[in-house]
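This report examines selected backbone, packing and pocket features. The structure is shown below.

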Amino acid sequence: MSNILVVEDSERIASFIVKGLQSHGYQVTHTVNGEDALKLSAAAEFDLVILDIGLPGIDGFAVLEQLRGSGNEIPVIVLTARDSVDNTVASFEGGADDYMSKPFSFEELLARVRRRISTPGEAVTETTLSHKDILLDLRTRRVSAAGIDHDLTAREFTMLEFFLRHAGQVLSREQILSRVWGFDHDPGSNVVDVYIRYLRQKLGNDSIQTVRGMGYRLG
């Protein structure tokens, strides 16, 4: 079982990440500050670090600098609310392997984690998902429906991947919002309905069924 260290001081965001990773078979250790992150990484074997930049005390950049300075080459995915070119460049120059700006969807984070490590039983070579006449290419992020190819936006791709991984199951609006729009979603938004309409335009009107009072299901 792959072991991931999550360094995040926001209880809400940390819970969102930890629960999601654990549900996909990862072992997760969580800490809220840079000092403990450095101690844990020195004392235990981790396969990946998910590292927030805005930490109390030693910030994420300093943690990353000390990790790389000590010769620790563990993969690091940086998380930050500081969405700017300077911070992106600083993260990669500091030795980060990947970078995500908050807010983010869990599916996007999971995809980035899977690029670095895999859990037993996961198909590392998985490149497509399919259901009936729908074929989603995970590399090109294009979908084929009834033999016709379509490009997908980032949100459309994430939503369709979620449906395909749960084909036949009813997914509530709250589940879709949480997976596709992340921890910072607005539960009162109608954005799910809008994107369902976008997908139906590409996949066919009967591709995603409305289950009244419950949510949606990939038919």
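## Loop residues with positive phi

In this predicted model, Lys 132 lies in the loop that connects strand S6 (128–131) with strand S7 (134–137). Although Lys 132 is not a glycine, its phi is positive, at about 55°. Most residues other than glycine have a negative phi. Lys 132 counts as exposed because its relative accessibility is 70%, and the cut-off for exposed is over 50%.

Ala 146 lies in the loop between strand S8 (142–145) and strand S9 (148–151). Its phi is also positive, near 55°, in a residue other than glycine. With 58% relative accessibility, Ala 146 counts as exposed.

## Packing of H6 against H8

Helix H6 (residues 154–165) packs with helix H8 (residues 191–203) at an angle of about 80°, and their axes are 10 Å apart. H6 is therefore roughly perpendicular to H8.

On the H6 side, the contact is made by Arg 155, Glu 156, Met 159, Leu 160 and Phe 163. H8 contributes Val 192, Tyr 195, Ile 196, Tyr 198, Leu 199, Lys 202 and Leu 203. By class, the residues of this contact comprise nine nonpolar and three charged, with no polar residue.

## The second largest pocket

The second largest pocket holds about 160 Å³ of space. Its lining includes Phe 16, Lys 19, Phe 106, Phe 162, His 166 and Arg 179. Helix H1 (11–23) and helix H7 (173–181) are the elements that each give two or more residues to this lining. The largest share, four residues, comes from H1.

The lining of the second largest pocket has five polar, four nonpolar and two charged residues.

Notes
Residues are numbered from 1 along each chain as its sequence is written. This is a predicted model: local features need pLDDT of at least 70, side-chain atom pairs count only at pLDDT 80 or more; totals for chains, interfaces and linings use all residues. Side-chain values use heavy atoms; hydrogens and water are left out. On a 1 Å grid over the protein atoms alone, a cavity is a set of points where a 1.4 Å probe fits but cannot get out, and a pocket is an open set with protein on both sides within 12 Å along at least five of seven lines; lining residues have an atom within 4 Å of a point. Grid points are joined across faces, edges and corners, and a volume is the space filled by probe spheres set on the points. Ala, Val, Leu, Ile, Met, Phe, Trp, Tyr, Cys and Pro count as nonpolar, Asp, Glu, Lys and Arg as charged, and the others, Gly among them, as polar. Axes are lines fitted to C-alpha atoms, for helices over the stretch in contact, and angles run from 0 to 180 degrees between N-to-C directions. Angles under 35 degrees count as roughly parallel, over 145 as roughly antiparallel, 65 to 115 as roughly perpendicular and the rest as oblique. Contact means heavy atoms within 4.5 Å. Buried means under 20% relative accessible area, exposed over 50%, partly exposed in between (1.4 Å probe, protein chains only).
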